[in-house]
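Here is a short report on one protein chain. Look through the sequence and the model, then read on.

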Amino acid sequence: MLIRPDQQQCDPPLGGGGAQHLQRLLVLAPIMALLAVMGWTASTGIPDSLSSYHGGQYRDLFVGGLIGTAVALLGYWGVTPIEDYTLNVAGFYATIVALVPNDIAAQIGEMATSGQTSPRDVVRVILGGALVTVAAFVFVDYTRSGWSMGWLAKGPGLLRNLTLTSLAVLAAYAVWLAVNVVNPATTFAWVHTPAAVLLFIHLGIAVAAQGWQWMPQAIEPSPARRRLYRAVVVGMLAAPVVVWLLLGLWLELPQAVLVLEVIEVLLFAVFWISEIGRFWKVPNT
């Protein structure tokens, strides 16, 4: 949920009881995806990545957990405008990850060969709806919230650079989606993977916004929490390099991507559970 640019932090903190419930939902929703992971692993073995759970009998549970996470990210009222913005954008990318399978190109090819109806039109509708939603989101931000994205883009150096870079990447990705929507022969290659990468990047920025005092807030994290959040950010940045070098290149583990995704999810979960604890006793309004 967007914060007006004249608000340096939520008023009341965390946006009241509704936002607190969304904050807790953001922990509960991924449990559905985790159940899918456990079920798949027990029945078919360990896949190469979390996105592989798009297939099989647990697909609905996995996608449902991702959609629940995306809704919570989009609806949650961030503690500061930069956290609010990055979580909103992460929610958009999470929607794409949930609804566009990582192997969609292979599925289109297989169905074309067998004469079955291609999922191309379904994915085209999904991506078209996502683009319309983003356009509506920007319109509401501009007309009702005082253009908070523009305010962040004109803020202090670090906030400005992060926001401008994020908006530029989001715009480029939206153009890429539009190209896939109008291209009749598209296989939607490189739609899922960039969204997954950008999702984790924006989650990391949200954590960094609390690890370092980028903006004032009504209830500041304690020094111990800030140190914890900084450690989480360092871990989220170091994990891709360590996993790639150790598991990918050296051990050549097929599940290296899966290990990396699990590490990133767990690190963000540490941050989010800590935030739930920080606001647990804030009165509902």
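Seven aromatic pairs occur in this structure, which is a predicted model. Two of these pairs are set out below. A pair of aromatic rings is described by the distance of the centres and the angle of the planes.

| Pair | Geometry | Centre to centre | Angle between the planes |
|---|---|---|---|
| Y93 and Y173 | edge-to-face | 5.6 Å | 70 degrees |
| Y229 and F271 | edge-to-face | 4.9 Å | 80 degrees |

Take Y93 and Y173 to begin with. Y93 sits in helix α3 (residues 81-99) and Y173 in helix α7 (residues 157-182), so their pairing ties together parts that are 80 residues apart in sequence. Both Y93 and Y173 are buried.

Now the other pair. Y229 belongs to helix α9 (residues 223-250) and F271 to helix α10 (residues 256-278). The two are 42 residues apart, and their pair links distant parts of the chain. Y229 has 0% relative accessibility, so it counts as buried. F271 is buried too, with a relative accessible area of 0%.

**The chain as a whole**

The protein chain has ten helices and zero strands. Of its 285 residues, 45% count as buried. Its accessible surface comes to about 13700 Å². Carbon and sulfur atoms account for 71% of that surface.

**The core**

In soluble globular proteins, nonpolar side chains tend to be buried together. Here the largest nonpolar core has 57 residues. Which residues have the most contacts inside it? They are F92, Y93, I96, L127 and L203. Helix α3 gives the most to this core, with eleven residues.

Leaving out residues up to four places away in sequence, L127 touches I96, V100, L177, V181, F188 and V191.

**R124 in helix α5**

R124 lies in helix α5 (residues 120-144). Is R124 buried or exposed? Its relative accessible area is 18%; buried means under 20%, so R124 is buried. Its side chain reaches the backbone oxygen of V181 at 2.5 Å. R124 also touches V181 by the contact count, along with N180, N183, P184, T186 and F188. That count leaves out residues up to four places away in sequence. V181 and F188 are touched by L127 as well.

**Helix α2**

Helix α2 covers residues 59-75. Its 17 residues, at 1.5 Å a residue, should span 24 Å. The end C-alpha atoms are 24 Å apart, which agrees with that expectation. Its buried residues are F62, V63, G65, L66, G68, T69, A70, A72 and L73.

**T193 in helix α8**

T193 is found in helix α8 (residues 192-211). With a relative accessible area of 39%, T193 is partly exposed. How many residues separate T193 and P101 in sequence? They are 92 residues apart, yet the distance in space is 9.4 Å, C-alpha to C-alpha.

Definitions and conventions: Residues are numbered from 1 along each chain as its sequence is written. Side-chain values use heavy atoms; hydrogens and water are left out. Helices (H or I, at least four residues) and strands (E, at least two) are DSSP runs, numbered from the N terminus. The expected span of a helix is 1.5 Å times one less than its number of residues. Buried means under 20% relative accessible area, exposed over 50%, partly exposed in between (1.4 Å probe, protein chains only). A polar contact is a pair of N or O atoms within 3.5 Å; within protein, one must be able to donate a hydrogen and the other to accept it, and residues adjacent in sequence count only if both atoms are side-chain atoms. Contact means heavy atoms within 4.5 Å. Rings of Phe, Tyr and Trp (its six-membered ring) pair if their centres lie within 6.5 Å; planes under 30 degrees apart count as stacked, over 60 as edge-to-face and the rest as tilted. Accessible areas come from the Shrake-Rupley method with a 1.4 Å probe; for residues, only the protein chains shown count as cover. A nonpolar core is a set of buried Ala, Val, Leu, Ile, Met, Phe, Trp, Tyr and Cys residues joined through side-chain atoms within 4.5 Å.
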